[in-house]
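Thanks for coming. I will go through a few packing details, starting with a sheet and ending with a pair of helices.

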Amino acid sequence: MDKKKILIVDDEESLSRAIKLNLEDTGEYEVRTENRGSKALGAVHEFLPDLVILDVIMPDMDGADVEKLFEKDQIAKNIPIIFLTAIATKDDTKDRGTMIGGRFVIAKPISIDKLIESIEERLRLR
Amino acid sequence: MITISFLIMGVASLLSIFFIKHETRIIHDDLKELGLVLANNLAFNAEYGILTSNTSNLSNLIEGIIKQSQVAYCIIQDTNGNTLVSKGLNKDLLDSLDKINSKILKIIQSNVEYIETQEGKQYYEVSIPVFSKQIDTPKGEMGLFENDQDSDVSQKQLNSSGDAKLSRNEKLLNSRIGVVRIGLSLEVASSLEKRGRQVAMIITFTIVVVAGLITTLLTGVAVVPIRKLLEGTQHIAKGELDFKVSEISNDEIGQLAESFNRMTEDLRRSRNELIKAKEYTDNVIRSMADVLFVIDPNGVIRTVNSAATKILGYKESEITDKPIDMIFAEEGNIKATPNWITKRLTREGVLNDLEINFKTKTGNTIPIIFSGSVMRNKDGVIEGIVGIAKDITERKRAQLLIEQKNKKLEEVNQSLIENEKKLKNMLLDLKKAHDDLQDTQFQLFQSEKLKVVGRLASGVAHEVKNPLAIILQGVQYLSKKLPKDNQNVVDVINDITNAVHRADTVIKGVLDYSSLSELKIESHDINNVINMTLLLVKHEFNQNHVELIRLPYQDIPKVKIDKNKIEQVLINLILNSVQAMPKGGKLTIKVEARKVMVEDLTFNQMDDENLILGESVVVVDIEDTGTGIPPEILNKIFDPFFTTKGGKGGTGLGLPIVKNIVNLHRGKLTIQNREEGGVRSRIYFKTELT
């Protein structure tokens, strides 16, 4: 069985790397990381990921802007997105993240087990 | 009875008279017949003697006849009237006979004459002509009753030819040779008559006496008692029930009289009872203060009481037997005509408290309350209608007065209400101004201070959280790569992981306190919000052996709140209470809608007083039976970073955040020790302005 492809877009490269290492360590995921929102769409076209983990606040482009680009793109529009954010809300109480305004949001920091659970759930619902 | 006696006597007398007459006639007829027989015999035997003028022969003949006791005298004469022989004559007789001699000389058939002499003696003289044998005597002429003029033969002869008869009579007259005359004394007959009359008299008298006796007897035995009874019935018929038939006899009539007396006594007793009952009823009716009248099924007044006549002004005789329309005023209630009332009564049986008007004799109308009911006999047939009416003139007058006063009061009230309205409007304006001011203040606070703080916190959080995320992911990666058999390594990695979580919790609290996310205000039923919250914390109750008591609640006004924030508040307060009862206890939740009272304003742990006296609020109480809060720290519980939980997971931001959320809703939160022990957390929510 092919590995599931995950694209992580986050300006915090050390976080992206740590997540990538943790995911690939399981042996079930192939992970690519990008540090700018503007690079996200190109990476999708090249990498054709099963799921994208998107940081909400990035220097050049917010996660929400990246999502808008994705929605206009034939390839990207069907790919599930997990928003990863450092902006804590009351929903933080839920470790695994939750739907907020139609988006699936996970608050930082998150443990790898909870992240994998959420990824698997999103992939199932695809 | 006397009539019967007279009748009997009359009949007896008549009978005796008839008997006497009949007897007399029989005696006389017998006498006449005897005379005729003797005379005929004499005439037959005397022919020879007369023709020969042999007087001794004739004397012998009459001698034999005169011996008959009834025969008084006997004469044989020739056609010239010369007496050939005679016997038993005297002067008195001769004088009387002179009057009829000429008549007798001419007779051609037997003849009977009644003679009464001067001396008062009575006789029948039977005379028969004596014919020579050469001449045919007419058939029957020798018969016993030749004096019968109506015999058929002679009648025919008379009718067939007068001339023939005359000539025949002439012939008979010429062929006569003499006449025999026999006088029969009526003395014997008279004595017989007399005796008969006496017998009759005796019989009559006896009958009368006997009848009289019987009558008297009967009258004594039967009639008198019966008459007494009759008299009794007449007395009783007149209503004299005290009358008693006196002792009569011991026979059946006596018993009849006795039972008659008993019957009378019963009658008298029951009549007395009836009279008493009627008097009682009459008295009740008369004494009634209300009008009572009875009408028959045709609507005719039958009975009225004194109250009725008094109110209506009629005499009793003036309204009885008059139609009911006479006392009901038509203009009162158009629907309630006498006709309608009667119809409705017959249909429904009763009619209660109908307000209508009476019409008095003088034409005034009197307001009354009328109730009527149908009076039926035991077969269910309507006998009449009993009506009761109460004069409500006074009541109406009082009502009118009350109405007038009410009207005035209402006018006063109206002006008061208007004033109050004005005041209310002013108050509303004031309140609105106050609200506007608060809103403005709030917005200023929100937009300026909070937004600045929020943005700062958000930035800080973002900057801190990313490193935390890196540390967490990194530690987790390393933990897999490092050997598990080194306990120190495992401990250190766990410590780092815990430290990351703790740091995260602190940041979360800071973010909440600064309320980065704006309030999402919507209308909610606070009871629904509480119920949802209780579902989330249910397991906490079970784990800590806390019994939840949710007091019953009614529909209460909705409140404008951010549901998620208030849920957070409730969870916080409930969990605080649960944690205050480590050995279990009771947690009571109570919701009520009411006005803000003075007591609500005297205790305040907030920075501002958001409530206004008298405004509508929904109050939520969360009460526990826990340890309570030490008084010395009670005024510090809302201070940020103040915690009693030491290092056991408390950030010291829980209650400050809760207070802040309630404050943002412009409500009020108080946390106090209860007198009974434990803590009461109370939240005031302003209800929606309607």
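Two strands are said to pair if DSSP finds at least two bridges between them. Helices (H or I, at least four residues) and strands (E, at least two) are DSSP runs, numbered from the N terminus. This is a predicted model, in which local features need pLDDT of at least 70, side-chain atom pairs count only at pLDDT 80 or more, and totals for chains, interfaces and linings use all residues. Residues are numbered from 1 along each chain as its sequence is written, chains are lettered from A and ligands numbered from 1 in the order in which they are written, and side-chain values use heavy atoms, leaving out hydrogens and water.

In chain B, strand E4 (residues 122–131) and strand E5 (residues 176–185) pair in the antiparallel sense over 9 bridges. B:Ser127 has B:Arg181 of E5(B) opposite.

Both strands belong to an open sheet of 5 strands in chain B, with the order E2-E1-E5-E4-E3 and antiparallel pairing. At the edges are strand E2 (83–87) and strand E3 (111–116) of chain B, each pairing on one side only.

Now chain A. The axes of helix H1 (residues 13–25) and helix H4 (residues 112–125) of chain A come within 11 Å and cross at roughly 70°. Axes are lines fitted to C-alpha atoms, for helices over the stretch in contact, and angles run from 0 to 180 degrees between N-to-C directions. H1(A) and H4(A) are therefore roughly perpendicular, a label for angles of 65 to 115 degrees.

Which residues of H1(A) meet H4(A)? They are A:Ile19, A:Asn22 and A:Leu23, facing A:Ile112, A:Leu115, A:Ile116 and A:Ile119 in H4(A); contact means heavy atoms within 4.5 Å.

Technical notes: Parallel < 35°, antiparallel > 145°, perpendicular 65-115°, else oblique.
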